[in-house]
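Grab a pencil and open the viewer.

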There are 2 protein chains.
Amino acid sequence: MRCLLHHPLQPQSRLIRLQLAEKRLDADLVVERPWDRRDELLMVNPAGEVPVLIEENGPTLCGFYPALEYLEEAYPDTAGAGAPLLGRSLQDRAEVRRLIGWFDGKFEREVTRNLLHEKIFKRFMPNAGGGPDSSAIRAGKANIATHLQYIAWLTERRAWLAGSALSLADLMAAAQLSAIDYLGDVPWDEHEGAKDWYARLKSRPSFRALLADNLPGAPPPPHYADLDF
Amino acid sequence: MRCLLHHPLQPQSRLIRLQLAEKRLDADLVVERPWDRRDELLMVNPAGEVPVLIEENGPTLCGFYPALEYLEEAYPDTAGAGAPLLGRSLQDRAEVRRLIGWFDGKFEREVTRNLLHEKIFKRFMPNAGGGPDSSAIRAGKANIATHLQYIAWLTERRAWLAGSALSLADLMAAAQLSAIDYLGDVPWDEHEGAKDWYARLKSRPSFRALLADNLPGAPPPPHYADLDF
């Protein structure tokens with residue numbers, strides 16, 4: 001059996017869980033808190049980061065970028081999506097990877113670090129430098145609006161974020177937003193277009209395991225797992 | 001002709017220039033200072049980031065990750081390297097992408113942001129928040145040692161960073177280090193192993209254009225372009 005070292009709320013770990021589930025590939029999940037710098041994690045990934053995907057009798061993929069590209073190369077079929085998750089043509093793949101980069105990079109810097117890092121990760125990390133920074137939290141809450149508007153703008157023009165088919169762009173964006181939604185910080189009701197798109201993703205079987213996540217000492221709000229949110 | 005919007009000192013732009021040169025693909029280079037938020041840049045990449053690779057009658061690649069994967073898919077041959085720059089087997093590709101992630105992520109956070117951002121980019125950026133932060137610069141200078149040791153450790157065991165052949169892992173690492181070397185902040189003489197590896201890269205024809213870079217108002221130190229440094 002393959003094994004995934006992950007953190008339940010880290011968006012990049014969530015992406016790989018979604019991608020595995022869309023491909024109906026099983027994995028044993030092992031929770032890592034990277035800030036604990038466990039020897040077993042450092043042995044497989046000297047960067048000390050998650051996700052790490054360990055294939056039985058196969059390669060070890062350190063980081064979400066090696067893991068996502070590997071899964072597309074090794075298991076190109078995705079039964080439920082109807083098309084390759086990275087897109088078929090060079091043009092399609094350019095757009096899927098652009099949006100993966102957008103949500104892994106820009107969204108992460110502008111929203112996730114300001115909210116998830118401040119509110120949750122800092123609590124557990126040694127040497128994190130004090131309590132939550134309220135100005136960072138305000139910035140994160142303000143910045144999320146642009147991204148929700150961008151999702152609405154894209155899905156007014158296309159069925160899914162990168163084109164006519166579900167892709168890794170949708171899974172990456174949903175991985176980020178689901179982590180922020182776990183904090184109760186996504187203003188869905190002010191962004192109907194983004195909400196409609198997220199409702200479609202949330203009802204996919206691949207999403208079920210994420211919606212069952214429950215971090216000890218930091219439970220999600222009631223609407224988090226509700227398909228009619 | 002294809003066109004590359006880039007910043008001369010940004011490591012991710014440098015990587016794409018090296019990759020194009022290793023593949024002997026020509027491109028018109030257009031310098032962008034992303035912080036100017038030029039309309040022409042925002043029109044092709046709404047994220048406002050470089051590099052952007054624009055193929056004539058082909059896709060536009062926004063960001064180094066879409067661009068590097070595209071170049072490998074569209075132009076798999078790399079005359080001078082003797083092997084695919086991303087590696088041949090799934091195992092090889094896992095290792096190349098792991099190290100791309102290491103130098104794009106970990107090195108960038110621990111070294112590049114502390115040195116390049118503080119010393120150069122902040123000078124030009126509006127709202128950058130004051131002069132260089134001397135504690136960040138000290139941290140960047142301390143952090144670089146671990147990365148140089150890691151390069152030496154890898155190249156004691158392998159001909160190149162990811163294995164027996166030159167790969168994008170070497171080009172990404174060299175793109176980062178060459179930008180820091182432009183500042184004169186790489187202690188080469190304390191790290192012979194890393195210096196030997198860098199000397200091999202520096203003497204490749206693909207490196208020539210980078211060594212000719214000269215930023216107005218911020219010239220490189222004399223050893224920067226010297227092959228016998």
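One thing before we start: this is a predicted model.

**Exercise 1.** Decide whether Ile137(A) is buried or exposed.

*Solution.* Start with the number: the relative accessibility of Ile137(A) is 14%. Buried means under 20%, so Ile137(A) counts as buried. Now look around it. Leaving out residues up to four places away in sequence, Ile137(A) touches Asn114(A), Leu115(A), Glu118(A), Lys119(A) and Pro132(A). Take Asn114(A): it is 23 residues from Ile137(A) in sequence, yet their C-alpha atoms are 5.3 Å apart.

**Exercise 2.** Work out how helix 1 and helix 6 of chain A are oriented to each other.

*Solution.* First, find the two axes: helix 1 (residues 11–22) and helix 6 (residues 168–182) of chain A come within 8 Å and cross at roughly 130°. The two helices are therefore oblique to each other. Then check the hand: this crossing is right-handed. Finally, sort the contact of helix 1 with helix 6 of chain A by class: nine nonpolar, four polar and two charged residues.

**Exercise 3.** Check the span of helix 1 of chain B, then see how covered the helix is.

*Solution.* Helix 1 of chain B (residues 11–22) has twelve residues, so at 1.5 Å a residue it should span 16 Å. Its end C-alpha atoms are 16 Å apart, so that agrees. As for cover, eleven of the twelve residues are buried, including Leu15(B), Ile16(B) and Leu18(B). After helix 1 of chain B comes Arg24(B), with a positive phi near 55°.

Conventions:
Residues are numbered from 1 along each chain as its sequence is written. Chains are lettered from A and ligands numbered from 1 in the order in which they are written. This is a predicted model: local features need pLDDT of at least 70, side-chain atom pairs count only at pLDDT 80 or more; totals for chains, interfaces and linings use all residues. Side-chain values use heavy atoms; hydrogens and water are left out. Helices (H or I, at least four residues) and strands (E, at least two) are DSSP runs, numbered from the N terminus. The expected span of a helix is 1.5 Å times one less than its number of residues. Buried means under 20% relative accessible area, exposed over 50%, partly exposed in between (1.4 Å probe, protein chains only). Axes are lines fitted to C-alpha atoms, for helices over the stretch in contact, and angles run from 0 to 180 degrees between N-to-C directions. Angles under 35 degrees count as roughly parallel, over 145 as roughly antiparallel, 65 to 115 as roughly perpendicular and the rest as oblique. A crossing is left-handed if the near helix is turned anticlockwise from the far one by less than a right angle, and right-handed if clockwise. Ala, Val, Leu, Ile, Met, Phe, Trp, Tyr, Cys and Pro count as nonpolar, Asp, Glu, Lys and Arg as charged, and the others, Gly among them, as polar. Contact means heavy atoms within 4.5 Å.
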